[in-house]
Amino acid sequence: MKSKDTTMQFANPQEARDFLAAHPEVRLIELILIDANGIPRGKLLHRDELLAIYENGRPLPSSILSLTIQGEDVEESGLVWEVADADCWTYPLPGSLTLQTWRATPTGQVQVSMHPTQGAPAAAGDPRHVLARAIERLKADGYHPVMAVELEFYLLDKNRDANGRPQPAVQANGVRPQAPQVYGVLELEQQQAFLDDLYSACEAQGLPVRTAISEYAPGQLELTLEHRFDALQAVDEGIRYKRLVKGVANKHGLIACFMAKPFGDLAGSGLHMHVSLADENGNNLMASEDPHGTPLLRHAIGGMMATLNDALAIFCPNANSYRRFQANSYAPLAKSWGVNNRTVSFRVPGGPATSRHVEHRICGADANPYLAAAAILAGIHHGIKNQIDPGEAIVGNGYEQARETLPTDWLTALRTLEQSAWAKEALGEEFLKIFLAIKWEEFRQFVSEVGEQDWRWYLTHA
């Protein structure tokens, strides 16, 4: 059964009326649009402007979707001067109008997306549309993607150390953590005030946050989000959760860091995406008493493996992303899959037969969840259509059994994405042009910058 176009599901104006009536104390509303880097961009609006956005949309400049990670225009994107930085209309997403409970002044938040036609030409650069199209293609063939988002992050001190390096935040007991203390409950207790505010904010925004975990580095945390039958909702919630974590951390005088590898000698931070396929009634089509899953599950893994190199610059979009790929680091290094195995790229977790699914472990926490999910689902679709066999599952240490390792540099990944016919079809040629223009500009800036390591290595010895 083919469902209606997800990109057209904008919010009813009654949501705005109800919110304004329920929250007379709110005077300001943060309007956010997610750009190609996954960064929220937008404006701070007065409450008197809110209803008009629901009724008539809100114009934003086309260049808002052509920005580097530093917020600079990329003229080669085609969204700046050649279209006169035109106004493009956005509309609110259903259920996104909520409170930002971490603000000192009562403030609301609403997420918008480009209208498919009124938002032209910038609509082509809206990453949410890319995911919506990937979902619709699967639904057209009878597959309803079910997803969950897991994000690891560091809690850092706003003050650098004596050498100007970032450092883990001081705990409630006045101690700055030094050891990993993975799964430590005392470490969670020491962040009680932050976690209490985080859970309260998530409850206020309707975000299904569940388990908190102390991860494999001092100051590193992960909170899990519940899976959703509506994959677009799951990723929307992941996006809003990331904004919320940063806001709550800032309230507590901290930085929530989602860099893939903020410290060379400590664990990197990943974006793990859990995915299965269901029928229109929500029945898991990957369910099986066999821990290896159904043929459908294996074909899905085969497709993700076959398209992994093409999509790597989506999963790992920045120069720093590739520092995360180190052996025995819980970051995968190869095209590999296995059952209940955290040394592989595509893990089939244990659990009841009805819960059978795949955990995609490639992405860094710096990836744009919309684009990562779109590439994952497009890879799955490719594998199903072509019945791609992923080969035998890895048993034991996947780092020692790598059959085909991943390229671990940004330049190779960008060139592969640029040359990929599959990516043009999966992500859309117009979007890919914009994304690559942004990333090539970032690449040029990154490699031309002279920094501390250059001086340390070459200043007196070259």
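S276 sits in strand β11, which spans residues 271-278. Keep in mind that this is a predicted model.

**Around S276**
- S276 has a relative accessibility of 9%, so it counts as buried, the cut-off being under 20%.
- Leaving aside residues up to four places away in sequence, S276 touches H144, P145, V146, N284, M286, R356 and H357.

**Where α8 meets α10**
- Helix α8 (residues 308-315) and helix α10 (residues 410-418) have axes that come within 8 Å and cross at roughly 115°.
- That crossing of α8 and α10 is left-handed.
- On the α8 side the contact uses N309, D310, L312, A313 and I314, while α10 brings in A413, L414, T416 and L417.
- Sorted by type, the residues of this α8–α10 contact are six nonpolar, two polar and one charged.

**Aromatic rings**
- The count of aromatic pairs comes to ten.
- One of them is Y322 with F325, a tilted pair at 6.1 Å centre to centre with 55° between the planes.
- Both partners are buried: Y322 has a relative accessible area of 6%, and F325 has 9%.
- W410 and F446 have ring centres 6.2 Å apart and planes at 85°, so they make an edge-to-face pair.
- This pair links distant parts of the chain, with W410 in helix α10 and F446 in helix α12 (residues 429-448), 36 residues apart.
- W410 is buried at 7% relative accessible area, whereas F446 is partly exposed at 47%.
- W410 and F446 also belong to one aromatic cluster together with W440 and F443.

Technical notes
Residues numbered from 1 in each chain as written. Predicted model: local features only at pLDDT ≥ 70, side-chain atom pairs only at ≥ 80, totals over all residues. Heavy atoms only, no water. Helix = DSSP H or I, 4+ residues; strand = E, 2+ residues; numbered from the N terminus. Buried < 20%, exposed > 50% of the residue type's maximum accessible area, 1.4 Å probe, protein only. Contact = heavy atoms within 4.5 Å. Axes fitted to C-alpha atoms, helices over the stretch in contact; angles between N-to-C directions. Left-handed = near helix turned anticlockwise from the far one by under 90°. Nonpolar A, V, L, I, M, F, W, Y, C, P; charged D, E, K, R; others polar. Phe/Tyr/Trp six-rings, centres within 6.5 Å; stacked < 30°, edge-to-face > 60°.
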